[in-house]
Amino acid sequence: MIKNKAPYIYLPIAFAAVLIGGIFLGKNLNPATESGKRGKFEDVLDYVYKEYVDTVSKDKLTDLALSLMLPRLDPHSSYIPASELKAVNESMHGNFEGIGVEFNIQRDTILVVTALTGGPSEKVGIKAGDRIVKINGTRVAGIGIKNNDVISKLRGTGGTKVTVSIVRAGTMKKPVDFIITRGTIPIHSIETSYMVEGDVGYVKLTRFSETSYDEFMQAASRLRMLGMHRMILDLRDNPGGLLDVCIDIADEFLPEGKMIVYTEGRHYKRENAYATAEGILESIPLVVLVDEGSASASEIIAGAIQDNDRGTVVGRRSFGKGLVQHQQMLKDSSALRLTVARYYTPTGRSIQKPYGEGGVDDYYAEVSHRYDTGELENADSIKQNKKERFTTPKGKVVYGGGGIMPDVFVPLDTMNITAYYTALFAKGVINDFALDYVDRNRSSLESRYKNNARAFAENFVVDEGIISSLVAFAAKRGVPENAAQLSRSLALIKNNLKAFIGRDVAGSEASYRTFNSADKAFIKALAEVKKQ
């Protein structure tokens with residue numbers, strides 16, 4: 001069974017293009033020639049090292065060679081240097097070590113958006129709205145600090161301490177030092193889960209890490225207790241993760257004995273994964289939301305639901321990643337993730353989209369090409385591989401060779417997107433204005449809406465006064481007012497601004513409730529699940 005091997009098999013994040021490249025150099029994967037002589041690679045490396053006009057590092061040359069080799073094989077095999085492996089693995093492990101804050105850089109100052117519940121920062125009294133002006137005595141405000149710099153200074157080994165100097169509006173105008181003991185901080189896979197209306201529950205799953213199944217079961221169980229008898233599972237922009245985890249989640253929806261997925265490769269014989277004992281969600285009507293950002297493990301779940309006629313897939317064609325990687329640790333603590341097999345949906349589909357001479361850049365740019373060809377706006381523009389035609393048990397025709405095509409297509413809504421709207425996002429105006437608005441009105445907002453996302457979504461209104469302030473704020477940030485384009489994009493701007501404010505005041509549920517209320521794919525998913 002696949003589960004026996006699954007802890008060592010990865011379906012890596014589809015859009016982490018920085019991980020592309022590499023092949024394992026060593027006794028097994030880089031042998032000498034069949035005659036026992038040294039390999040060409042070692043000969044060239046030694047020659048360059050000894051004779052090149054400038055001093056070079058063998059380690060750096062090796063890493064460079066590894067990083068360039070595997071794109072010629074496929075876009076998902078990857079070499080990960082030892083210096084990057086910990087950060088790469090964090091998303092798979094579902095946690096990292098740090099102080100437990102979400103932050104933004106606002107006006108060249110680190111602004112605490114949230115002190116994570118139960119985290120090290122919350123325990124010492126750090127609050128949303130606090131500004132970090134020094135870290136370990138070194139000034140970090142007004143110096144042009146970047147996100148990566150902040151992360152490197154605040155993250156560290158659990159148990160170590162870091163001192164942050166905090167300024168707090170109204171009560172701490174002069175910096176006060178807080179000594180924080182770093183700890184393990186969870187990276188949540190469930191972005192939010194809530195009851196939409198009636199008996200319909202919604203779960204937003206963003207990745208498949210080691211903690212995802214437990215998080216999913218907690219969310220599903222809680223919603224069942226709240227009366228959920230129908231579910232919308234949102235896998236949009238979920239790039240994948242661990243194979244065994246997505247199998248376990250799919251198992252909760254499928255009756256015992258139903259196939260979930262199988263894998264097969266040149267040196268990996270076919271292994272089948274079937275649904276096991278009764279899952280808690282087998283009988284509920286189900287809609288799965290996907291889009292061009294849904295890849296790998298997300299596509300396994302969508303494919304299993306679609307091929308078993310278990311529910312309805314809604315949205316746009318998924319990414320099309322059907323390759324399986326095996327991780328091999330190397331002697332210097334770097335790692336190789338090598339494609340060793342393909343996975344297939346229950347009907348026998350390989351949903352891997354083509355890759356070849358165009359290289360890695362063209363492979364990932366294919367998603368952008370979908371917009372250029374009109375696919376994202378019109379289902380008739382989608383070209384499916386008619387040679388890869390399969391039929392589900394109930395007679396539905398499905399296709400392989402290019403992602404999961406949803407049962408119900410919902411086009412990308414671009415009608416009211418204008419240059420003005422785009423500029424507001426490109427320059428970070430909406431996010432920064434939302435942070436500023438919440439900072440100035442935090443007391444009144446939190447008294448009404450903190451820990452009450454539904455109340456925020458139903459009652460908070462972005463009125464004309466707020467929009468006027470946004471327009472003035474944008475003009476100061478280099479986005480001059482355009483009355484005609486503002487009018488055309490007004491509903492979008494209001495919805496996005498409300499969602500950003502909601503996130504800062506009442507958490508991700510408030511943000512998603514707001515976004516989803518105006519999202520055509522979500523609205524269609526809600527209508528579809530009610531039919532079942």
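How many bridges join strand β2 to β20? Three, and the two strands run antiparallel. Bear in mind as you look around that this is a predicted model.

| Strand paired with β20 | Sense | Bridges | Example of facing residues |
|---|---|---|---|
| β2 (residues 78-80) | antiparallel | three | Tyr 79 and Leu 336 |
| β15 (residues 259-264) | antiparallel | three | Tyr 262 and Tyr 344 |
| β19 (residues 323-329) | antiparallel | seven | His 326 and Leu 338 |

β19 and β20 also form a hairpin, with five residues between the strands. Look there for Ser 333, which takes a positive phi near 75 degrees.

**Two crossing helices**

Now hop over to helix α11 (residues 429-449) and helix α13 (residues 464-476), whose axes come within 10 Å and cross at roughly 120 degrees. That angle is why α11 counts as oblique to α13. The crossing of the pair is right-handed. On the α11 side, the contact is made by Val 429, Asp 432, Phe 433 and Tyr 437, while α13 brings in Ile 466, Ser 469, Leu 470, Phe 473 and Ala 474. Sort the residues of this contact by type and you get seven nonpolar, one polar and one charged.

**A serine in α14**

Last stop: Ser 489, in helix α14 (residues 483-506). Is Ser 489 buried or exposed? Its relative accessibility is 0%, so Ser 489 counts as buried. Leaving aside residues up to four places away in sequence, Ser 489 touches Asn 416, Ile 417, Thr 418 and Tyr 421.

Definitions and conventions: Residues numbered from 1 in each chain as written. Predicted model: local features only at pLDDT ≥ 70, side-chain atom pairs only at ≥ 80, totals over all residues. Heavy atoms only, no water. Axes fitted to C-alpha atoms, helices over the stretch in contact; angles between N-to-C directions. Helix = DSSP H or I, 4+ residues; strand = E, 2+ residues; numbered from the N terminus. Parallel < 35°, antiparallel > 145°, perpendicular 65-115°, else oblique. Left-handed = near helix turned anticlockwise from the far one by under 90°. Contact = heavy atoms within 4.5 Å. Nonpolar A, V, L, I, M, F, W, Y, C, P; charged D, E, K, R; others polar. Buried < 20%, exposed > 50% of the residue type's maximum accessible area, 1.4 Å probe, protein only. Pairing = 2+ DSSP bridges.
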